[in-house]
Amino acid sequence: MAATTLAGSCLTGLQVRKSVTGPRSRTIPRVVARAADAHRLNQAFSETPFDGFKFSPITEHQVSRAMTRRYFKDLDEYAEADVIIVGAGSAGLSCAYELSKHPDIKVALIEQGVAPGGGAWLGGQLFSAMVVRKPAHNLLDELNVPYEDEGDYVVIKHASLFTSTILSKVLQAPNIKLFNATAVEDLIVREDAMRGKYVGGAVTNWTLVSLNHDTQMCMDPNVLESKVMVSSTGHDGPMGASGVKRLQKLGMVNTGIPGMAALDMNTAEDAVVNNTREVVPGMVICGMEVAELDGCPRMGPTFGAMFMSGQKAAHCALNSLRRQDALQQDLAAKQSSSGAAPEPVAA
């Protein structure tokens with residue numbers, strides 16, 4: 001019985017091959033067909049408008065000359081500027097934007113970092129949204145930056161939207177040149193009988209050089225002259241509040257530098273805008289540098305004061321330029337009436 005069952009259950013090799021390979025042999029054409037269909041679909045939907053793209057030819061020396069020719073032309077042109085703004089954070093950019101409305105004023109904007117914008121690429125604690133108290137939202141309307149209106153304040157969905165927008169406006173202005181990755185190591189300070197000691201420009205160097213004076217041999221700086229400097233280097237830090245710190249060391253500000261006080265948004269923003277001013281002849285301070293000098297509270301993650309302090313600083317600089325022109329004219333008139341040859345007031 002067992003033998004019969006075993007014999008009956010045994011199949012020939014041919015029968016085994018047929019029973020095993022038969023169904024598979026029928027699926028192979030289907031697999032091949034599906035693969036062919038997939039290949040045709042891949043071919044049909046893989047084309048882009050950039051296939052076969054080819055750039056126009058260029059040589060390496062053309063690239064080098066295109067960059068260096070323009071950069072050194074800018075350095076030559078802005079070796080004498082009407083206004084130098086030190087620091088391209090939210091206050092410095094707001095100042096530069098306001099001055100872009102005066103195309104006859106030549107402005108050099110100096111930023112120690114590679115990327116301008118300071119801390120205004122994000123809101124508080126690395127969050128995205130930017131909070132702006134009214135009426136500083138008027139600048140956002142002017143820039144066409146959208147926001148959500150929350151009554152007494154507005155919220156921009158991402159701080160970078162403001163910063164990228166105002167930065168693009170500043171960079172497009174024909175009277176403004178940004179020198180980034182450039183540090184202001186010191187001030188040019190002069191003195192005359194009419195103005196006393198005054199700031200006459202910036203001592204500059206590549207930021208990487210400034211950060212490594214202690215590790216490398218001495219590398220002397222460059223200089224840019226100005227009629228007015230706006231110092232907007234922010235609160236205390238590696239290069240923060242550098243303008244007022246230098247004024248204190250030079251004895252040009254009588255008070256100490258207490259540094260910003262603890263956070264109080266309502267007090268802080270009003271104080272920073274109200275105290276934005278020409279602190280010594282030839283130097284205007286704005287933004288958090290005001291808080292460092294005057295001991296104003298910090299405001300934390302609300303940016304309206306930075307906008308309006310920067311805008312006010314632009315007008316303080318314009319007023320300083322007007323006073324200098326008036327002094328020049330007054331001196332020329334006095335010398336003319338006395339018969340003496342006119343001597344220009346130093347910028």
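Student: How many aromatic pairs does the structure hold?
Tutor: This predicted model holds seven aromatic pairs. Rings of Phe, Tyr and Trp (its six-membered ring) pair if their centres lie within 6.5 Å; planes under 30 degrees apart are stacked, over 60 edge-to-face, and the rest tilted.

Student: Which kind of pair do Tyr-71 and Phe-72 make?
Tutor: Edge-to-face, because their planes stand at 85°, with the ring centres 6.1 Å apart.

Student: And what about Tyr-71 and Trp-206?
Tutor: That pair is tilted, because the planes are at 40°; the centres are 6.1 Å apart. It links distant parts of the chain: Tyr-71 is in helix H3 (residues 60-77) and Trp-206 in strand E8 (residues 196-206), 135 residues apart. Helices (H or I, at least four residues) and strands (E, at least two) are DSSP runs, numbered from the N terminus.

Student: Which residues do ring pairs link into a cluster?
Tutor: Tyr-71, Phe-72, Tyr-78, Phe-179 and Trp-206.

Student: Is Phe-72 buried or exposed?
Tutor: Exposed, at 52% relative accessibility. Tyr-71 is partly exposed at 23%, and Trp-206 is partly exposed at 48%. Buried means under 20% relative accessible area, exposed over 50%, partly exposed in between (1.4 Å probe, protein chains only).

Student: What sits over the ring of Tyr-78?
Tutor: The charged end of Lys-106, 5.7 Å from the ring centre. Lys-177 lies over the face of Phe-179, at 5.5 Å from that ring's centre. A charge sits over a ring if NZ of Lys or CZ of Arg is within 6 Å of the ring centre and within 35 degrees of the ring normal.

Student: New topic. Where is Thr-302?
Tutor: In the loop between helix H10 (288-294) and helix H11 (304-338). Thr-302 counts as buried because its relative accessibility is 3%.

Student: What does Thr-302 touch?
Tutor: Leaving out residues up to four places away in sequence, Val-131, Arg-133, Met-265 and Glu-269. Contact means heavy atoms within 4.5 Å.

Student: How many residues has the largest nonpolar core?
Tutor: It has 52 residues; Ile-85 and Phe-307 are among those with the most contacts inside it. Helix H11 gives the most to this core, with nine residues. A nonpolar core is a set of buried Ala, Val, Leu, Ile, Met, Phe, Trp, Tyr and Cys residues joined through side-chain atoms within 4.5 Å.

Student: Which residues and atoms count?
Tutor: Local features need pLDDT of at least 70 and side-chain atom pairs 80 or more, while totals for chains, interfaces and linings use all residues. Residues are numbered from 1 along each chain as its sequence is written, and side-chain values use heavy atoms, leaving out hydrogens and water.
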